[in-house]
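Please read it with the coordinates open.

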Amino acid sequence: MLPDKRPQREQTQRWTFSQLFGRARRHPFMISRWVLSWAIVGTFCGLFAALYWNILELIIHGLQRFQGSSLLLVMPLAGLVIGLVIHFLGNPGEIAVIVDNIHFRGGRLDARKNPSMILASLVSISAGGSAGPEAPLVQVTGSFGTWVAERLRLEGEDVRSMSLAAMAAGFTALFGSPLGGAMFALEILHHQHIVEYYEALMPAIVSSCASYVVFAAITHLGIAPTWHFPQYRLDSIDDFAVAIMFGIVGVVAGWIFMGIFRGCDRIFALIPGPIYLRTTIAGLGLGILATFLPLTRYFGHEELDKVVNQSFPVFFLFMLALAKMAAISITVTGGWRGGFIIPLFFTGACVGKAVVALIPGLNPTLAMICTMAAINASVTRTPISTTLLLSKLTNFSPLTPILFASLIGFFLAPKVPFIASQLKSEQGTLINHP
């Protein structure tokens, strides 16, 4: 997205010094109206994300008081509400639909799905589903970017770039990393090419920076690390071997998760009737898991700190990781709305901490973060942005070990991506969930 077409080479050579000086004096900076438009889009996206987050926290605080066996009633009721919202307001779609729209609809996202997505995701997340706010934030902010592009009468790649810039702003508001959020919005679109729409990178970064400032100023989140891991310092080249080893551990966990997810998807596909029947049954399943393993409830934003800083038996950590995989799968395939990036980080932390307890002498911080990186990179195919996001979220300053683990997760992932629309094929997708 460039404001002016670059002049022909011959014309450039014929310019005199006075002509060049005159152009520079009229506008001596690189800033342009496009930069301002990206920043304005990011600002509005940050405002929406802050409003969404504050409403979400308010509802969560009201529903958190329900514990134990009461969840066997509360969560099915929440599932019924989610299903009724989708039944009457329409299916808001998932990240796979967003990816398809970026590829095949010129980057245009449909704002008509936003009411259903906002209401369904607020209930899903606040009631305790294992899915985070990233998917609804990306859907709503991305469609706002499309709306702005249409108002500005943009065409072609400019429309796609504006939508991607707004999507990046949504990612950044939640994760507090402008560069990581911008990269994630571009990486999530592909399983192999990493960043195909490279012309959208600068719009995404500018929009993300604006969104970050606004969201952090309102919510006071994203300034400090989200999770508080014990301090780690890179002292030995052996740590890279450890990072690779736990990258392999994370990949194994990722394969197991994808198997559980596909199994749940097949089971829920067999349930006949309207969508609210499936979402209610999913709520019952989530309520049963949360009753016996309370840490499986919610998407892990606060629960991950407990895993990091409290002591648990090895068997319990492995069981918790498997239960969390099941909770994510039930949440998404059962029709509840939200994203699974932070829940995957939670699962990776459980697995990494359990494995390091079996191998004395290894640094638990390095083990957990590398496993978190690998499982997310293997599922979402986002090795670069996963590295940047985790470094910010955990205050883990040596990027290289995380990058090694992320690359292991990326290259050892299944050949067919979990988000099948990343294949960039207009044929039917294998997985239609985020």
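This is a predicted model: local features need pLDDT of at least 70, side-chain atom pairs count only at pLDDT 80 or more; totals for chains, interfaces and linings use all residues.

1. The main core. The largest nonpolar core has 83 residues. Which of them touch the most other members? Phe257 and Leu304 do. Helix 15, residues 341–358, supplies the largest share of this core, with 11 residues.

2. Leu304 in detail. Setting aside residues up to four places away in sequence, Leu304 touches Trp227, Phe229, Phe345, Phe346, Ala349 and Met372. Display these side chains together when you check the packing around Leu304.

3. Helix 4 against helix 12. Helix 4 spans residues 71–89 and helix 12 spans residues 275–292. How do they cross? Their axes come within 7 Å, at roughly 155°. The cut-off for roughly antiparallel is over 145 degrees, so helix 4 counts as roughly antiparallel to helix 12. Helix 4 passes helix 12 in a right-handed crossing. On the helix 4 side, the contact includes Leu71, Met75, Gly79, Gly83 and Ile86. On the helix 12 side, Ile275, Thr279, Gly283, Gly287 and Ala290 are among the residues involved.

4. Ala323. This residue sits in helix 14, residues 314–333. Is Ala323 buried or exposed? Its relative accessibility is 9%, so Ala323 counts as buried. Beyond neighbours within four places in sequence, Ala323 is in contact with Leu289, Leu293 and Thr296. Ala323 and Leu295 are 28 residues apart along the chain, with their C-alpha atoms separated by 9.4 Å.

5. Helix 17 against helix 18. Helix 18 covers residues 399–411. Its axis and that of helix 17 are 9 Å apart, and the packing angle is about 145°. The crossing is right-handed. Helix 17 contributes Pro383, Thr386, Thr387, Leu390 and Ser391 to the contact. Helix 18 contributes Leu399, Ile402, Leu403, Ser406, Leu407 and Phe410.

6. Thr386. This threonine belongs to helix 17, residues 383–394. Thr386 is buried, because its relative accessible area is 0% and the limit for buried is under 20%. What does its side chain meet? A polar contact of 2.8 Å joins it to the side chain of Asn376. Leaving out residues up to four places away in sequence, Thr386 touches Glu187, Phe345, Ala373, Asn376, Ala377 and Ser406. Phe345 is also touched by Leu304.

7. Thr219. Helix 10, residues 201–219, holds this residue. Thr219 counts as buried, at 13% relative accessibility. A polar atom of its side chain lies 2.7 Å from the backbone oxygen of Phe215. Thr219 and Ala173 are 46 residues apart in sequence, and 9.9 Å apart from C-alpha to C-alpha.

8. Val159. Helix 8, residues 157–175, contains Val159. At 1% relative accessibility, Val159 counts as buried. The C-alpha atoms of Val159 and Ala200 are separated by 9.9 Å, across 41 residues of chain.

How values were computed: Residues are numbered from 1 along each chain as its sequence is written. Side-chain values use heavy atoms; hydrogens and water are left out. A nonpolar core is a set of buried Ala, Val, Leu, Ile, Met, Phe, Trp, Tyr and Cys residues joined through side-chain atoms within 4.5 Å. Buried means under 20% relative accessible area, exposed over 50%, partly exposed in between (1.4 Å probe, protein chains only). Helices (H or I, at least four residues) and strands (E, at least two) are DSSP runs, numbered from the N terminus. Contact means heavy atoms within 4.5 Å. A polar contact is a pair of N or O atoms within 3.5 Å; within protein, one must be able to donate a hydrogen and the other to accept it, and residues adjacent in sequence count only if both atoms are side-chain atoms. Axes are lines fitted to C-alpha atoms, for helices over the stretch in contact, and angles run from 0 to 180 degrees between N-to-C directions. Angles under 35 degrees count as roughly parallel, over 145 as roughly antiparallel, 65 to 115 as roughly perpendicular and the rest as oblique. A crossing is left-handed if the near helix is turned anticlockwise from the far one by less than a right angle, and right-handed if clockwise.
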